[in-house]
Amino acid sequence: MNNKKKRLLLKLITPLSLLSAATVLTISVSTYFSARETIKQSLFDRLSVAVTLKEEEIAQWFKVQRSDILLLARLPEVKTQTKALANDDSKQDAYDKLSLYLKDIISAKTNLAEVSILTEGGIVLFSTNKALEKTYQPLGATTTYFSNATDKIVPTLYISPVTGATAITFATPILDSSKNRVGVLSVTLDLQDVDSLIRDRTGLGDSGTTYLVGQLERRNTFIASGKDNGAPDNLTSFAIDAATAGQRGSGLYQNYAGQPVIGVYRWLDGQSLALIAEINQTEAFAPARGLARNILLIGSVATGLLLSGIYLLSRRITKPIAAITAAATQLEKGELEQSIPIVSDDEIGFLAHTFNRMASQLQESIAALETNNQALESRVKERTAELVEAKEAAESATRTKSTFLANMSHELRTPLNSIIGYSEILQEEAEINGDESMVPDLRKIQGSSKHLLNLINSILDLSKIEAGRMELHLEPVHIAELIRDVMDTIHPVADAKRNKVVIENLSEVESVESDADKLRQCLLNLLSNANKFTENGQLTLTVKTIHYQTEDYLELTVADTGIGMEKDQLDKIFEAFTQADLSSTRRYGGTGLGLTITREFVRMLNGTISAQSEVDKGSTFIILLPQVVSSVQTELAAVTTA
């Protein structure tokens with residue numbers, strides 16, 4: 001009873017538990033993804049603002065540097081001393097003055113890393129980096145050259161051969177009072193300010209970062225000094241590839257280090273740089289995960305409380321049901337005196353009342369049933385004795401009938417053979433003596449006698465089968481010889497009805513193990529039956545071998561173009577003394593035993609026979625036999641209905 005009670009409790013609690021857990025889980029997951037989407041959009045906005053501010057600051061920084069260099073090139077002291085550097089008499093004096101003057105300027109403008117003055121041909125006349133003086137510095141690939149503030153330029157970045165870091169060199173002409181070029185001012189900028197600007201993480205959290213990427217020497221490289229030591233030589237990611245292709249946008253992706261991030265990317269067309277701001281997804285979506293965990297925890301606690309209440313309620317419901325179940329179990333075991341206390345007026349109380357009434361009625365019914373059973377047992381014994389006597393009488397009659405038929409068939413065949421023999425002798429004497437008028441009558445005597453002999457043989461075969469005296473004689477049967485033997489017998493009767501006989505031997509084996517006489521008799525019965533119901537038509541015998549599952553079979557098919565059969569006739573065709581021609585005029589002869597005997601022979605050979613037919617289109621009979629009879633059935637005790 002306790003086990004049944006527990007099972008009932010489980011059936012009540014388990015679905016509710018699963019439903020509650022699924023509800024809490026669904027709410028937690030949907031809340032997580034909803035919060036994640038909200039956070040993602042908020043971060044996109046925050047990163048976009050940060051990128052926009054840094055984009056403006058970078059553009060402003062480059063603009064200021066350009067203005068400072070233009071201003072430096074137009075200072076009177078720079079113009080004067082640059083012109084004097086070309087004069088050997090005052091060259092040293094000009095050099096000293098420039099050194100002092102530019103030293104003060106560089107101390108005020110710390111972003112000017114190197115200041116050099118070159119000739120128009122690129123020879124360094126003066127430089128704050130003494131190693132560059134009197135060397136050739138081309139004003140081509142690595143120098144960003146401009147002459148005034150209106151020139152539209154894109155800064156050219158390169159890897160400094162001295163420091164190995166990213167560098168930018170601006171150059172502008174130095175003009176005298178007559179606007180003639182007296183030299184070129186070349187300034188290499190210190191990118192520390194850009195690096196500080198990029199590294200500023202204001203509003204980006206602990207893992208937030210921004211960085212500039214440019215294509216130097218056909219590789220994506222960090223710009224300024226903020227290089228990540230763990231980064232590859234050629235930076236690549238979804239954002240870097242999209243930004244360097246001139247695009248701007250945002251998304252969730254893996255950064256150059258393979259970490260999942262949420263980022264915003266832009267292409268700075270004025271500086272030919274990619275500006276990217278990113279935050280690690282683990283940090284970005286931590287609030288969403290925390291919210292989902294809290295909801296899951298609260299939901300689990302609420303579910304536990306709900307299930308506790310359900311458990312207590314279920315116990316109140318299942319306790320009386322368990323009592324009813326226990327009483328029903330005892331009732332099933334035969335203990336009929338069962339009564340359940342009624343403790344409530346609800347459906348369960350009504351169920352208990354009904355059970356008590358049912359138990360009382362069951363006691364009365366069983367008492368009456370026992371009385372009736374005693375009377376019934378007496379009647380059954382009487383009827384059983386009568387049936388045993390009737391069965392023995394029927395079996396005796398069947399044996400007597402079969403024995404009588406076998407004996408009578410044997411006794412009838414002897415005089416019939418004599419009649420057939422004497423009629424053939426008389427026919428020969430009449431033909432020799434020229435008494436032609438007697439020949440037709442003698443032929444009729446022979447035909448009738450042979451027909452009667454066939455009928456007796458069929459009855460004898462059927463009686464042997466019913467009496468269980470029919471035996472199998474297994475031997476190798478050559479298929480071609482079997483077909484030839486059958487055709488020799490069937491051709492004359494087929495020619496008499498102007499029927500064409502077609503043979504299709506598709507067998508892949510030459511011989512099978514079977515009973516040659518019974519196999520020949522089956523084919524003759526089917527072909528004779530087909531010829532009987534066909535006139536001016538065609539009889540087709542098809543022989544082929546098939547493989548089904550693990551056995552090899554021989555398939556024999558006899559088809560005709562005769563009158564065919566209705567479906568109700570086809571269902572009874574293998575029954576004894578049944579014919580397709582049921583009309584009162586009986587155009588077709590026969591006893592109706594040929595197909596019955598054929599079916600029994602096929603069964604003895606462990607095979608099957610089936611038939612298909614359509615009115616006015618002919619019939620088809622198919623015999624399926626094993627090529628080797630593995631389980632020999634030497635006797636068939638009685639005919640059984642298929």
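Mentor: Let us begin with a definition, because two strands are said to pair if DSSP finds at least two bridges between them. Please keep in mind throughout that this is a predicted model.

With that rule in hand, look at strand β7, which covers residues 209-216, and at strand β11, which covers residues 273-280; the two run antiparallel and are joined by five bridges, so they pass as a pair under the rule of at least two bridges. To see the pairing at the level of residues, find Val213, which stands opposite Ala274 in β11.

This pair belongs to an open sheet of five strands, whose order is β8-β7-β11-β10-β9 and whose pairing is antiparallel. The edges of the sheet are formed by β8, residues 219-222, and β9, residues 249-254, each of which pairs on one side only. If you follow the sheet from strand to strand, you will find that neighbours are turned against each other by 35° on average, with direction ignored.

β17 and β18 form a hairpin with three residues between the strands, where Asp616 takes a positive phi near 70°.

Next, consider contacts between charges. Side chains of opposite charge can pair when their charged atoms come close. The model has 15 salt bridges by the rule used here, and one of them joins Arg181 to Glu120, with the closest N and O atoms 3.8 Å apart. Arg181 lies in strand β6 (residues 181-189), whereas Glu120 lies in the loop between β1 (112-118) and β2 (124-127), so that the pair links distant parts of the chain, 61 residues apart.

Finally, turn to the surface, where Glu382, Glu386, Glu389 and Glu392 gather in a patch of negative charge; Glu382, for its part, is found in helix α8, which covers residues 347-433. A nonpolar patch is also present on the surface, formed by Leu25, Val29, Phe33 and Leu296, with about 350 Å² of accessible area together. Helix α1 (residues 2-73) gives the most to this nonpolar patch, with three residues, while Leu296 is found in helix α7 (residues 286-332).

Note on methods: Residues are numbered from 1 along each chain as its sequence is written. This is a predicted model: local features need pLDDT of at least 70, side-chain atom pairs count only at pLDDT 80 or more; totals for chains, interfaces and linings use all residues. Side-chain values use heavy atoms; hydrogens and water are left out. Helices (H or I, at least four residues) and strands (E, at least two) are DSSP runs, numbered from the N terminus. Axes are lines fitted to C-alpha atoms, for helices over the stretch in contact, and angles run from 0 to 180 degrees between N-to-C directions. Patches are made of residues with over 30% relative accessible area and no salt bridge: like charges are joined within 9 Å, nonpolar side chains (Val, Leu, Ile, Met, Phe, Trp, Tyr) within 5 Å. Accessible areas come from the Shrake-Rupley method with a 1.4 Å probe; for residues, only the protein chains shown count as cover. A salt bridge is a side-chain nitrogen of Lys or Arg within 4 Å of a carboxyl oxygen of Asp or Glu. Lys and Arg count as positive and Asp and Glu as negative; His and the chain ends are not counted. The place of a charge is taken as NZ of Lys, CZ of Arg, CG of Asp or CD of Glu.
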